[in-house]
Amino acid sequence: MKDTKTDHKRLLAWVDEVKSLCLPDRVVWTDGSKDEYNRLLADAVRTGAATRLNARKRPNSYLFRSDPSDVARLENRTFIATRNEKDAGPTNNWIDPGELKSTMRQLYAGCMRGRTMYVIPFSMGPIGSPIAKTGVEITDSPYVVVNMHIMTRVGQKVLEALGSDGEFIPCLHSIGAPLSPGEPDRPWPCAPIEQKYIAHFPEESLIWSYGSGYGGNALLGKKCLALRIASHLAHSEGWLAEHMLILRLTNPQGRRFHIAAAFPSACGKTNLAMLVPTIPGWKAECIGDDIAWMRIGPDGRIRAINPEAGFFGVAPGTSNKSNPMAMRSIERNTIFTNCALTDDGDIWWEGMDQACEHAIDWRGNDWTPDSDRLAAHANARFTAPASQCPVICPDWEDPAGVAIDMFIFGGRRSTTIPLVHQAFNFDHGVFLGASAASETTAAALDVGRTLRRDPFAMTPFIGYHAGDYIAHWFRMGERLGAKAPAVFFVNWYRRDRSGRWLWPGFGENSRVLKWMCERVEGKIDAVRTPIGWMPRNGDLDVNGLTIRSDDFAELMRVSVEPLRKDLSDAEQYFAQFGDRLPDKLRVELDAMRQRLAAAG
Ligand code: SAT
Ligand code: MN
C-alpha cells in the first residue's frame, strides 16, 4: 500500500472531512495491488478474523465467519432519503435526508477510533469506459477492502482515470465498532441492529452505510451504487440499471443470442449465468451474474454491460451438479464467508457433492450430520474473480456491451406459474416483469418466508418510486420500438402436491432457452394462452430427458382460478402506487383480466 496520490481537490477534501468525523488511527489509500490484497488477508489471519484454507485444496483462499447478527442484507434498515417522501415511493423506507444525516453523523463521530480508514477508489465497469461509474468507498473494514478488490476494479488506476476533477460517487462505510486503547478486537466487529443504517441520498448520489460488514450492506459498489443510486441516475438519464444476469448463448449454427434475466436474490441467477447446456451443440458463456447496466446503442438496440468484476454468490446448494462452472471459479483466490470448515482445511456447505462427517460450522462450533443446525449459513457466500470462470465470455469486458435479444423474468413459485411463457409484446412484457412475485429466500434477513411481489426482482434495489420505475420501462419500450427485445417469463420452481420439484432445472434449463431462441428467430409458432405465448406440443426439446408426461402437463398447466387470484393480489399491490401507476400498466391489467374471464 504505497501512498496513493491524487490531486483531486473534492476527493481530498471529502477524505479529510470523513477523517475528522470518524477519527481513525490512520488513513490508507488502497492501491489495488496483489501485494496489498495478500497483506490485508495475512493480517486478518493473524488477528483471527480469517482462516487460511489448505493451500493444496484451495490455494490462496480464506474463510471469514461473520457475527451471527450480521449475515445478510437488512431491508428494514435500508433507506432512500429523498427530500420529498413521495419520491421514495411505498416500497422503500424513507427518512428525511437532513434528519438521517444528523442521526448518522452522531454515529459516525469517532466511530473509527483504534482502526484504519481505507480509501478505495473503484470503478463499476471497465476503467475509463464511457459507461463506467467511479465510486470511492471509505471503510474501516479490511474485509470490505479485499472483497472490493475482487468485486470491482480498484486502486491507483482508477484515480488516474478520475484525474483532478472527474465525477465520483462518495460511499461512506463503517462497521460502527470503535476500539478504546488496549481493547481487544472481535473477529467480526459490527454495530447492534438498531444502529445499522444503509442509507442512500439519490438526489446527491451519495451513500452512507453504518453498522454492518456483510455483503450488499458493506460492499457499496454492488446493490447501493450499481443498483439503487444507478437506477435513479438511469431513470433521469434514460438507461436501465437492473438486477439481471447477462448470458451469451450460441446455437449449433453459430448464431449468438444475448439474454438478460432478472430473478430475486438467491433464485438461481448465478446458476443460470454459468449454465452448461445439456442439449447438443449449444454453448453458453457468462457475462455477468447479478447486475446489468443497459443503454440504447447507436443501432437502436439495447446493449448491456456487467459493471462488476467478480461473483458474490450464494454458497449452499452450489455443487458440480447445480453449477460446475461456479465450482471451478472458486477453486482458488476466493474469499468464503459463513461456510463450514472441514477437518482438512477446506470449505463445505449443504448441497455440496460430497457428504461431510465433521466440520466447524459457520459459528465456529463442532458440527456433524447429526447436528440440528446448518453447517454453513443459508446465505453463506463466495467472492471470486469473474475472470476465473471457465465459461466467462471473451467479450465480458467490452465497454460497448452486448446487444440484448431477450429479457427473462422469473421467481420462485411452487404453484400457479408455468415453466415458460412469452409476452405478446414489449408492453405486455413490462407487465410480466412488474407483476413478478417470488417466495422469499435467505438473502435478506428480515422479510419473512412468504410470497412477495417483486417487480423486476428490483423491489429492494429501486432507488426511487417503484411506479415511476415501471413507467420508465414502458418509456424505454417506446424508444426501442421494433428493436425491443422479446420478453419471457420462467418458473423453474414449480412443485407437485407432495413438494417434489417438477422440473430438473440447472443445465436442463437450456431446453427452455432453446425454445426462446427459436421464437426470437421466428422459426416456430406458439400457443396463445391468457398469460402469453406457450410452447406447442413437441416444440420444447425434451429429448433425452426422463420426465413423466403428467409432470410435464402440470408444469405447463395454465389454470384460470389461481391466476385470477394472483392477478387480484398484483392489483392490490399496485394500488399503493396511486397516481404514479402508469396508465399502460392499468391497460395491461384490464387486458389480462379480460383474457382470464374469456378463458374461464
Ligand atoms: O448481499 S448482496 O446484496 O450483495 C446479495 C444479494 O442479496 O443478492
Ligand atoms: Mn443480487
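**Pockets and a manganese site in a predicted model**

Student: Which element gives the largest share of the lining of the second largest pocket?

Tutor: That is α2, with five residues. Helices (H or I, at least four residues) and strands (E, at least two) are DSSP runs, numbered from the N terminus. A pocket is an open set of points on a 1 Å grid where a 1.4 Å probe fits, with protein on both sides within 12 Å along at least five of seven lines; lining residues have an atom within 4 Å of a point.

Student: Is this a model or what? How are things numbered?

Tutor: It is a predicted model, where local features need pLDDT of at least 70, side-chain atom pairs count only at pLDDT 80 or more, and totals for chains, interfaces and linings use all residues. Residues run from 1 along each chain, chains are lettered from A and ligands numbered from 1 as written, and side-chain values use heavy atoms, without hydrogens and water.

Student: Back to that pocket. Which residues lie nearest its centre?

Tutor: Thr47, Arg115, Asp140, Pro142 and Asp185, out of 26 lining residues in the second largest pocket. Besides α2 (34-47), at least two lining residues each come from β1 (26-29), β5 (116-124) and α5 (142-151).

Student: And the largest pocket, how many residues line it?

Tutor: The lining has 48 residues, and Ala266, Cys267, Gly268, Arg412 and Tyr493 are those nearest the centre of the largest pocket. Elements giving two or more residues to this lining include α7 (215-218), α8 (221-237) and β23 (381-385). The largest share is four residues, from α9.

Student: New topic. What holds the manganese ion (ligand 2)?

Tutor: Its protein donors (N, O and S atoms within 2.8 Å of the metal) are Lys223 (NZ), His243 (NE2) and Asp290 (OD), at 2.0 to 2.2 Å from the manganese ion. Their spacing in sequence is K-x19-H-x46-D.

Student: Where do His243 and Asp290 sit?

Tutor: His243 is in the loop between β11 (240-242) and β12 (244-250), and Asp290 is in the loop between β14 (283-288) and β15 (292-296), so the pair ties together parts that are 47 residues apart in sequence.

Student: Is His243 buried or exposed?

Tutor: Buried (under 20% relative accessible area, with a 1.4 Å probe and protein chains only); the value for His243 is 0%.

Student: What about Asp290, buried or exposed?

Tutor: Asp290 is buried too, with a relative accessible area of 8%.

Student: Last one. What are the domains of the protein chain?

Tutor: By an automatic or database domain assignment, the protein chain has domain 1 (9-54 + 71-238), domain 2 (244-289 + 405-598) and domain 3 (310-387). The C-alpha centres of domain 1 and domain 2 are 33 Å apart.

Key
Donors are N, O and S atoms within 2.8 Å of the metal (3.2 Å for Na, K and Ca); water is not among the atoms, so sites may look incomplete. Buried means under 20% relative accessible area, exposed over 50%, partly exposed in between (1.4 Å probe, protein chains only).
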